[in-house]
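The entries follow the order in which I checked them.

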Amino acid sequence: MTNQKLLFDVESAEMIEEDSNSQFATAKMLLFSSGSNRHSMVCSPEVLREMADTAYEKPIIFEFNTMYRDFGSHNEKTTIPAGFIVPNSGSFEEQADGRTSFFALGKIWKKYSKNFLDIFRENGRTGSKLSVEMELIDSEQDSSGMIVMKKFAYCAACIL
């Protein structure tokens, strides 16, 4: 199985800094974790680490739901670029359940991201769900039927 686009709706983003003197706000984003996922796939900690560099400089996108003045889902026709994933900002953390998680920093353009920061301010929140879009480049099926991710590339991080 190769070159398959996937969406993972399981991670999170947290606004950690909004310096009034900067053009950008900073978010810490949990992009992906090792272990099994809802696509009947499994990612090893080693592959998670090897593929981390593919996340850098990828867009952070969102959809603005005008009715609820909140984030929407991901519709390619209505998504808005809000910022980018900062190069070499990644870190790995071991979770209590044994998984390894990959975190990276994102920069959100205050001027060009339209309603992005307003959603956080108006709703009085600091975090949101995040969906990662990635392309599965190489994989194989194991004896249990799980697809073992061998190589993938991040395409975008979508705030939900």
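Entry 1, a loop residue. I looked up N88 and found it exposed, because its relative accessibility of 67% is over the 50% cut-off. In this predicted model, N88 is placed in the loop between β8 (80-85) and β9. I also noted that the phi of N88 is positive, about 60°, although N88 is not a glycine.

I turned to S40, which is not a glycine and yet has a positive phi of about 55°.

I found 13 aromatic pairs in the structure. For F24 and W109 I wrote down a centre distance of 6.2 Å and a plane angle of 45°, so this pair is tilted. The pair links distant parts of the chain, since F24 is in strand β2 (residues 24-33) and W109 is in strand β10 (residues 100-109), 85 residues apart. I then checked accessibility: F24 is partly exposed at 23%, and W109 is partly exposed as well, with a relative accessible area of 28%.

Next I took F92 and F102, whose ring centres are 5.2 Å apart and whose planes meet at 25°, so I recorded the pair as stacked, the angle being under 30 degrees. This pair, too, links distant parts of the chain, with F92 in strand β9 (residues 91-94) and F102 in strand β10, ten residues apart. Is F102 buried or exposed? At 0% relative accessibility F102 counts as buried, whereas F92 is partly exposed, with a relative accessible area of 28%.

Which residue has its charged end over the ring of F92? I found that of R49 there, 4.5 Å from the ring centre. In a separate check, I found K28 over the face of F103, with 4.7 Å to the centre of the ring.

I ended with S33, which is placed in strand β2 and, at 4% relative accessibility, counts as buried. The side chain of S33 is joined to the side chain of S101 by a polar contact of 2.7 Å.

Note on methods
Residues numbered from 1 in each chain as written. Predicted model: local features only at pLDDT ≥ 70, side-chain atom pairs only at ≥ 80, totals over all residues. Heavy atoms only, no water. Phe/Tyr/Trp six-rings, centres within 6.5 Å; stacked < 30°, edge-to-face > 60°. Helix = DSSP H or I, 4+ residues; strand = E, 2+ residues; numbered from the N terminus. Buried < 20%, exposed > 50% of the residue type's maximum accessible area, 1.4 Å probe, protein only. Lys NZ or Arg CZ within 6 Å of the ring centre and 35° of its normal. Polar contact = N/O pair within 3.5 Å; in protein donor to acceptor, adjacent residues only side chain to side chain.
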